[in-house]
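Please look over the structure below.

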Amino acid sequence: MINELIIFSMRIKSYLFRHLNKLKFILLGVKLGKKPLIYNKVYLKVGRNSSIIIGDNFVFTSGNAVNPLCRNLYGCIATMPNARIQIGNNVGLSSTCIWAYKSIIIGNHVLIGGDVMLIDSDAHSLNSWDRRNSERDRENRKSEGIVIGNDVLIGTKSIILKGVHIGDRVIVGAGSVVTQDVENDCIVAGNPAKVIRKI
């Protein structure tokens with residue numbers, strides 16, 4: 001009986017968040033396609049003069065153990081000023097962190113596993129002297145856009161770093177750190193990620 005009450009309360013909470021999230025995304029200027037499903041609490045930040053465009057049939061599960069791999073980690077979509085995030089149609093995310101300083105583009109029919117991070121910047125200068133001064137730190141950090149092709153599957157806890165272009169139909173193994181471009185139709189895994197085999 002207690003278990004059924006817990007499940008029922010989680011379903012009610014999930015239903016409410018789906019509607020509240022849609023409203024929050026629209027009010028913050030996100031262009032949402034048809035039939036978005038955004039479950040539970042999501043951290044959303046839209047920087048000045050930036051844009052977030054999301055295609056049709058977008059699914060974002062976030063926290064509340066909707067996906068057991070994510071436990072209660074909340075998902076995040078954030079743009080810094082003058083940045084861009086573009087997500088295609090039929091994309092599914094699970095407690096993913098997408099943080100754009102410049103641009104992150106995700107194709108169609110992409111599935112991104114639990115607790116994956118996509119960040120297109122070092123966020124700080126690699127020079128220790130620059131990091132002592134916040135203005136110099138900001139000016140000297142390196143940012144370069146990320147592009148993820150169509151029909152890509154990215155395994156849980158992977159990290160996609162700045163400047164990476166992932167081709168179509170690529171599979172990224174769980175826990176991988178992708179630091180270089182990946183050509184179409186292959187499986188990559190490891191830290192740093194390397195081609196395991198062609199598909």
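This is a predicted model: local features need pLDDT of at least 70, side-chain atom pairs count only at pLDDT 80 or more; totals for chains, interfaces and linings use all residues.

Residues are numbered from 1 along each chain as its sequence is written, and side-chain values use heavy atoms, with hydrogens and water left out.

**Aromatic pairs**

- A search of the whole structure finds two aromatic pairs. Rings of Phe, Tyr and Trp (for Trp, the six-membered ring) pair if their centres lie within 6.5 Å; planes under 30 degrees apart count as stacked, over 60 as edge-to-face, and the rest as tilted.
- F58 and F60 form an edge-to-face pair, because their planes meet at 75°, with the ring centres 6.0 Å apart.
- W99 and Y101 have ring centres 5.2 Å apart and planes at 40°, so this pair is tilted.
- F58 is buried, at a relative accessible area of 0%, and F60 is also buried, at 0%. Buried means under 20% relative accessible area, exposed means over 50%, and partly exposed lies in between (1.4 Å probe, protein chains only).
- W99 is partly exposed, with a relative accessible area of 30%, whereas Y101 counts as buried at 11%.

**Charges over rings**

- The charged end of K41 sits over the ring of Y74, 5.6 Å from the ring centre. A charge sits over a ring if NZ of Lys or CZ of Arg is within 6 Å of the ring centre and within 35 degrees of the ring normal.
- R132 has its charged end over the ring of W129, at 4.3 Å from the centre.

**Position A100**

- A100 lies in strand β9, which covers residues 97-100. Strands (E, at least two residues) and helices (H or I, at least four) are DSSP runs, numbered from the N terminus.
- The relative accessible area of A100 is 0%, so A100 is buried.
- Beyond its neighbours within four places in sequence, A100 is in contact with A78, T79, M80, A83, R84, I85 and D120. Contact means heavy atoms within 4.5 Å.
- R84 is 16 residues from A100 along the chain, and their C-alpha atoms are separated by 6.7 Å.

**Position T96**

- T96 is found in the loop between β8 (92-94) and β9.
- T96 is buried, with a relative accessible area of 0%.
- Not counting residues up to four places away in sequence, T96 touches F60, G75, C76, I112, G113, V116 and L118.
- F60, one of the residues that T96 touches, is also the edge-to-face partner of F58.
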